[in-house]
Amino acid sequence: MRVIAVTGSASGIGAALRARLETAGERMIGVDRRDAEVIAELGCGDGRAAAVARVEAACDGRLDTLVACAGVGPQVAPASAIVSIDYFGAQALLAGLRSSLAVAAVAVCSNSSTLPGADGPLAAACLAGDEEDARRLALARGGHPACAGAKLALGRWVRWSAPGAEWTGAGVRLNAVAPGAVLTPLLQDGLEHPVFGPAISSLPIPTGAFGAPEQIAGAIAFLLGPDAAFCCGSVLFVDGGTDALLRPDRH
Ligand code: NAI
């Protein structure tokens, strides 16, 4: 039985992952605003520090794997909250729990990170650790660039960190998944938004339909397990082919 912490475990992808791993007999430590072993607000520094301390206490300082899944979509207001949760909340848990980790971690990014407008000062501010500046830029630019920039930064942080001494050098693998449109409460909320709804609906999905949270949970379970022993700093797109269709010559 592995000890596995999952943020965002109360809903959507995190809940599907939790259910899958619990069924397989793993011991889960869920971290969420509600319905979790560790109730925490990951959008602020105090909440992140409390979450790290409570997970460490719950696992007695030894976690097999960690999944940073908690996040919000572009429809959340104010847009500054998006970068605080999607980048700083995820990065703080991954970095803060690194010394307790024995095997692997996965960050949940997004295929929106490759859409036009994601790269730029907001992602750079995230990676520089400047939350105040990133929040200011998010407010100025709005929900979609905030979300895409935060997820781009998270994927880059994974790639920068994974091969280094802190992670692979210490025997702990770090990878990411980049989901496309997956039918969860987050996506449903976006679809009902007057501005973001039509934008989400217009994104092409070559496989024909929105993904299911269980499909992303399967990809995460793979990255956590022994079959992914050669994966290091990978960002695995699981998006029905949207990224391949829109960027056929990039990889
Ligand atoms: P969801 O809304 O169903 O679940 C997200 C969970 O995170 C919720 O239980 C929520 O309470 C928790 N959470 C959100 N903000 C939090 C905070 N500040 N502190 C603590 N917990 C918090 O969303 P879904 O769709 O399962 O999303 C999971 C991850 O996948 C997110 O990081 C999201 O950005 C990402 N993603 C989702 C896509 C989709 O189409 N559903 C597409 C691309 C990425």
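A nitrogen atom of the ligand is 2.7 Å from an N or O atom in the side chain of Glu 41. That is a polar contact, meaning a pair of N or O atoms within 3.5 Å; within protein, one must be able to donate a hydrogen and the other to accept it, and residues adjacent in sequence count only if both atoms are side-chain atoms. The protein covers 93% of the 820 Å² of accessible area that the ligand has on its own, with areas from the Shrake-Rupley method and a 1.4 Å probe.

Before going on: this is a predicted model, where local features need pLDDT of at least 70 and side-chain atom pairs count only at pLDDT 80 or more, while totals for chains, interfaces and linings use all residues. Residues are numbered from 1 along each chain as its sequence is written, and side-chain values use heavy atoms, with hydrogens and water left out.

How many residues surround the ligand? There are 28, and Ser 11, Ile 13, Asp 32, Glu 41 and Thr 184 are the closest; a residue counts if one of its heavy atoms lies within 4 Å. By type, 16 are nonpolar, eight polar and four charged. Here Ala, Val, Leu, Ile, Met, Phe, Trp, Tyr, Cys and Pro count as nonpolar, Asp, Glu, Lys and Arg as charged, and the others, Gly among them, as polar. Helix H7 (185–191) and helix H1 (12–23) each supply at least two shell residues, and H7 gives the most, with three. Helices (H or I, at least four residues) and strands (E, at least two) are DSSP runs, numbered from the N terminus.

Next, the sheet. It is open and has seven strands in the order S3-S2-S1-S4-S5-S6-S7, with parallel pairing; two strands pair if DSSP finds at least two bridges between them.

Last, two loops. Pro 78 is in the loop between strand S4 (63–68) and helix H3 (79–97), and the peptide bond from Ala 77 to Pro 78 is cis, with omega near -5°. Asp 35 is in the loop between strand S2 (27–32) and S3. Its phi is near 50°, a positive value in a residue other than glycine.
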